[in-house]
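This report covers local geometry, strand pairing and helix packing in one protein model. Please keep the coordinates open while reading.

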Amino acid sequence: MATDQHTQRRGRSTDSTNDGTPAADHAHVPALIAEEYTLRFAGLADGDAEAVPGNDERSPDAWCGDDGVNSLEQVIAVLPRASSGELWATNEFVETDGDVDITAIESVHGLDTDVLERTAGRSLDELAARTDVQPIVPVDDHQDIVDRRRKALWALGYDVRFRWQIASDRYSIINPQEAYQPIITALRRRGETGAFGWLSYRDWGGLLKLFVVCPGLKQVVGLPEEPVDIDDEDDIDALGAGHVGDTGAADPDEDLVVYGGFETGYDFRGTQTLWAKPILYFPDSETIVPDTGQRYTRRHYGQATNADHERANDRVPISEWWASIYDDVETRLVDVDETLRRARAITYDFEVLPFSAADCYRYWGIADTYATVAADRATSLADPTSRPTVFNLQLSLLIALLEEYTGSWASNTYQEYIETAGELLQKPAMMIQLAMQEHDRLVEDRRDRVLPDGQQTLSDALEDIVHLSGIEVDTEAALSDGEAQRLHDEVQRHLDDI
């Protein structure tokens with residue numbers, strides 16, 4: 001995860017802040033005062049880093065890089081300690097001594113002061129004399145979100161935002177530190193002390209994305225022992241057969257390692273939910289693919305981090321909420337083998353299709369910069385180069401983003417791009433038809449269309465793409481996934497800057 005170093009503002013730390021909370025360690029000072037920041041972690045708490053997978057995958061030192069080996073507990077401490085703040089409004093029509101500026105009121109566009117005076121039966125001067133107003137007035141029906149640590153830094157001259165979304169008086173703030181701390185307890189109870197991942201935020205912590213990878217949720221997927229040519233629905237069903245688990249793989253070079261995990265986030269700047277959803281993580285290329293499992297959300301009402309209060313109101317305490325998310329990810333990994341086999345069995349033939357690989361990415365909404373790089377990588381890894389697999393296409397997109405994306409990894413744009421890669425993996429038939437549908441929309445001559453007239457409605461059924469021209473579904477594609485992963489070593493040079 002590339003750190004946006006150009007947005008960091010460094011400054012000195014103090015031993016404590018105004019609310020008595022110990023200041024962040026020296027290594028955390030940039031995160032505390034940066035507008036955008038990405039911080040990796042290895043292990044749940046101090047001493048857990050040794051449980052993080054290393055050797056040929058990732059060691060904790062290499063994973064965390066220059067930030068040092070931080071634990072999940074340490075990176076959560078960087079987040080705002082959100083509390084309700086008082087909201088005040090400035091009335092520019094009241095001078096500092098309390099006098100009302102009648103001239104300014106008379107100049108307000110759309111305010112007919114003559115009608116106002118006739119209706120009230122008094123002049124503006126008389127109305128002003130009867131009031132007791134202040135230039136700064138409290139707003140009692142709304143509140144805002146404030147972090148006192150950042151407020152203290154602002155008072156010391158740091159350019160750091162400490163207030164966020166203005167919300168109604170019904171809004172109950174979820175403190176992210178208190179909300180995410182139970183993750184540690186839930187994972188420790190399931191033996192996931194070696195969990196690792198990264199935290200990425202924008203707007204000084206007002207928007208967060210947190211990725212947690214669980215090594216205990218590991219799958220090793222191999223190709224079927226015998227090739228399967230897919231021509232009908234029966235062959236599609238056979239594609240999921242021949243499971244290869246942690247043992248028994250015929251050829252190690254063909255094995256694909258994948259971990260389960262989850263992504264979570266919040267946005268103080270407008271939304272009122274804390275959310276989480278499953279992810280898949282490929283350690284050889286360090287790429288994340290969002291899964292299509294259940295999306296969990298918690299509204300900002302009640303007392304989300306008070307277990308007794310939540311139970312009394314028929315809501316699941318947040319500690320149990322995190323445990324259920326882990327269980328969902330564990331359950332969904334049962335289907336990972338079939339998902340990956342399918343992605344490695346479907347081939348795009350760009351010698352037959354009337355558009356290029358780069359065009360295909362553009363049809364999916366990927367910006368040209370990343371579409372071109374991803375297409376070059378996908379075709380260079382394919383054999384023949386004109387026939388990349390779905391797995392190749394989605395992996396090449398993720399690698400292109402690793403190499404080329406310079407914006408915040410917590411941004412909505414980046415999130416949309418990796419979700420596109422997730423759709424490629426989880427809904428390959430639909431994405432094929434989506435690209436064809438976009439091509440057909442752009443061509444002027446009806447004869448140049450590629451999607452059959454009777455198939456204009458998108459479907460995620462593989463039998464709907466078996467006979468499409470330019471799409472082949474079999475397991476004899478020559479791209480070796482182990483080979484493809486090894487070719488991504490150059491990406492490590494980019495990751496060394498994290």
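The sections below go from conventions to strands, loops, helices and cysteines.

## Basis

The model is predicted: local features need pLDDT of at least 70, side-chain atom pairs count only at pLDDT 80 or more, and totals for chains, interfaces and linings use all residues. Residues are numbered from 1 along each chain as its sequence is written, and side-chain values use heavy atoms, with hydrogens and water left out.

Helices (H or I, at least four residues) and strands (E, at least two) are DSSP runs, numbered from the N terminus. Buried means under 20% relative accessible area, exposed over 50%, and partly exposed in between (1.4 Å probe, protein chains only).

## Strand β9

Strand β9 spans residues 256-267. Twelve of its twelve residues are buried, so β9 is largely enclosed by the rest of the structure. In a regular strand, side chains alternate between the two faces of the sheet. Both faces of β9 are covered. One side has L256, V258, G260, F262, T264 and Y266. The other has V257, Y259, G261, E263, G265 and D267.

Strands count as paired if DSSP finds at least two bridges between them. β8 and β9 pair in the antiparallel sense over twelve bridges. Here V212 stands opposite F262 of β9. β9 also runs antiparallel to β10 (residues 273-282), joined by seven bridges. There G261 stands opposite I279 of β10.

Most residues other than glycine have a negative phi, and most peptide bonds are trans. D203 has a positive phi, near 55 degrees. So does W204, also near 55 degrees. D203 sits in the loop between β7 (196-202) and β8 (207-221), and W204 is in the loop between β7 and β8. Relative accessible area is 10% for D203, which is buried. W204 is at 9% and is buried.

A cis peptide bond joins D383 and P384, with omega about 0 degrees. P384 lies in the loop between α14 (368-381) and α15 (390-404).

## Helices α16 and α17

The axes of α16 (residues 412-426) and α17 (residues 428-442) come within 5 Å and cross at roughly 115 degrees. Axes are lines fitted to C-alpha atoms over the stretch in contact, with angles from 0 to 180 degrees between N-to-C directions. That makes α16 roughly perpendicular to α17 (65 to 115 degrees).

The contact (heavy atoms within 4.5 Å) involves T420, E423, L424, L425 and Q426 of α16 and P428, M430 and M431 of α17.

## Cysteines

A search of the whole structure finds zero disulfides (cysteine sulfur atoms within 2.5 Å). C214 is buried at 0% relative accessibility. C360 is buried at 1%.

Technical notes: Angles under 35 degrees count as roughly parallel, over 145 as roughly antiparallel, 65 to 115 as roughly perpendicular and the rest as oblique.
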